[in-house]
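Subject: Structure handover

Hello,

Here is the structure I said I would pass on.

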Amino acid sequence: MPGRKTMREPLRQVRSLGDGIEQVIAVSALVLPDGDASGVVIGALDGHTLHAWRMDDLFHGKARALFSPSPASAGQAVTVGRGPRGLLTAVREDAAVRVWDEEGEEYVSLPCDHHHQSLAFDPSGTGRLAVADDTRIRVWEPHDPTREGDAAGARHTGGRAVGRTRLRVTGAGPDGTLLLSRSQGSDVLLSLHSANGQSGEGLRLEHPGAVEALAATRVGDRWLTAAVGRRCVVLWTLGPGLELLETETFVLPGAAERPVSSMALQDTGIGRLRLLWPSGQSVATWERDTQGRGAWSEGRTFWMGAAGAVQRLEVVGLPSGPSWLSAWGGNAVRVWDLTAPGAKPQPVDVIRAKAVATGLLKRRDAPVPLIAFTTGERVKFIECDGGYGVASVLPWQSGGALDGVALAGPAERPLLVGWSRNSGCLRLWDVRRGKALDLMESRGYEVTGVDSAFDSRGITLMIQGVAQNSVRCDQVFVPWRVDRSVSGTRVGDQRAGESARRDKRSIL
């Protein structure tokens, strides 16, 4: 009933905190568990300053200020909680969440794309922070606090995030199954996925050293994943459900101190398995029987014929068609047709390239290799159709210099993905139409790699990075229509940016 009082007796004890504060616009309280850290913590915002007090008892005893001095904040929502290292206070301020520990050290801000004023810590004390963000709830583990001498925007990832991350997606499994291969330090993590997310339990394997490069392929109903570190290659053969069938270890020629920056595995389609890796200004290859019988034998060497050591190589092709090898070194890319052993490579100039990706683009009735690269601010692509490749420039997008690019999707309609490590946002382009699509929202961590697979429903992106206290990898489905019923290379009608907007509701 209107006006009905629900308390039988009024509160008999009232305590005042924050004398001198003109107006409190948000408040949060936390009751600490019994023990050495028992008591109560209260946080409050007055529109320009964050205040927090700790008391052994809510009504008795001294209220001690948690921060000295109190940090400036124009936030509109506050929450207090506990983490493994002690008390945490979080404030929603503009399009970010700011987090402090009980010593007053500020963590790296967590990005948010919207302005909903609601957030809460996990009451169990894990330190996880739930933040309302548009149509979802994001759950974060805060970064470590910034440290003295750090550059602006530096992020720390804790003891578990040691070494560089690697990522590889292998398709062509039954029912659209994908194999995701990742590495962190000496760990190699494998998991099976569909467009709807992970299928079953993953598998953790270990390399004897820090992994420098990953490669994976599928041969029949078996998955093959290889990892290399200090010239030592470990090749795992796995069954359809990731049953470990065989482990093979061998050493590549060369000094152990010379890292292997890139590697590829290829099922040649004629009963041979090919391993490719950079060797100075060339790409070296070994081959053996796909069934694992017999030793590796030295294969063809692909020479760049240009200054600069090979930094990255990729093998692209159709499941039952032609395939190509691309090698990037310095300002040059070379592309070889692997189905024509005597053919010369096609040279491609990538002047001042910071990152290069290789894919396919269908022209008339046949695919041709597609080289995409970024100079930082600009993104260009070149079709390798046998002639002199002239770079086409894709529309500029804001967000700063790019650190990486990847090509995804079918040859009929490739999708170019670009990312900047310190942004977390992904920039998308429809290559065939030469159009920029909507930005994909910030991942909330430093993106270090993107790989993908495609089926008739769309593109599955795997986005890896380092954030909070561990390695992160998000699976994102991007609806991507291609009208294959129309002859030639015409694609289905789709508004520019539609796939990116749908993606924001398809994060798994």
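The notes below go from the whole protein to single side chains.

This is a predicted model, in which local features need pLDDT of at least 70 and side-chain atom pairs count only at pLDDT 80 or more, while totals for chains, interfaces and linings use all residues. Residues are numbered from 1 along each chain as its sequence is written, and side-chain values use heavy atoms, with hydrogens and water left out.

Overall

Of its 508 residues, 50% are buried, where buried means under 20% relative accessible area, exposed over 50% and partly exposed in between, with a 1.4 Å probe and protein chains only. Taking contacts between residues at least 6 apart in sequence, 43% join residues at least 24 apart; a contact means heavy atoms within 4.5 Å.

Aromatic pairs

There are four aromatic pairs in the structure. Rings of Phe, Tyr and Trp (its six-membered ring) pair if their centres lie within 6.5 Å; planes under 30 degrees apart count as stacked, over 60 as edge-to-face and the rest as tilted.

One of the four is F250 with W296: the ring centres are 5.3 Å apart and the planes stand at 40°, so this pair is tilted. F250 belongs to strand 20 (residues 244–251) and W296 to the loop between strand 23 (282–289) and strand 24 (297–298), so the pair ties together parts 46 residues apart in sequence. F250 is buried at 12% relative accessibility, and W296 is buried at 16%. Together with W277 and W286, F250 and W296 form one aromatic cluster.

In the pair of F302 and W336, the centres are 5.4 Å apart and the planes are at 65°, so the pair is edge-to-face. F302 is in strand 25 (residues 302–303) and W336 in strand 28 (residues 332–337), so parts 34 residues apart in sequence are tied together. F302 is buried with a relative accessible area of 3%, and W336 with 2%.

Arginines

The charged end of R218 sits over the ring of W223, 4.3 Å from its centre (CZ of Arg or NZ of Lys within 6 Å of the ring centre and within 35 degrees of the ring normal). R413 lies over the face of W480, 3.9 Å from the ring centre.

Regards

Note on methods: Helices (H or I, at least four residues) and strands (E, at least two) are DSSP runs, numbered from the N terminus.
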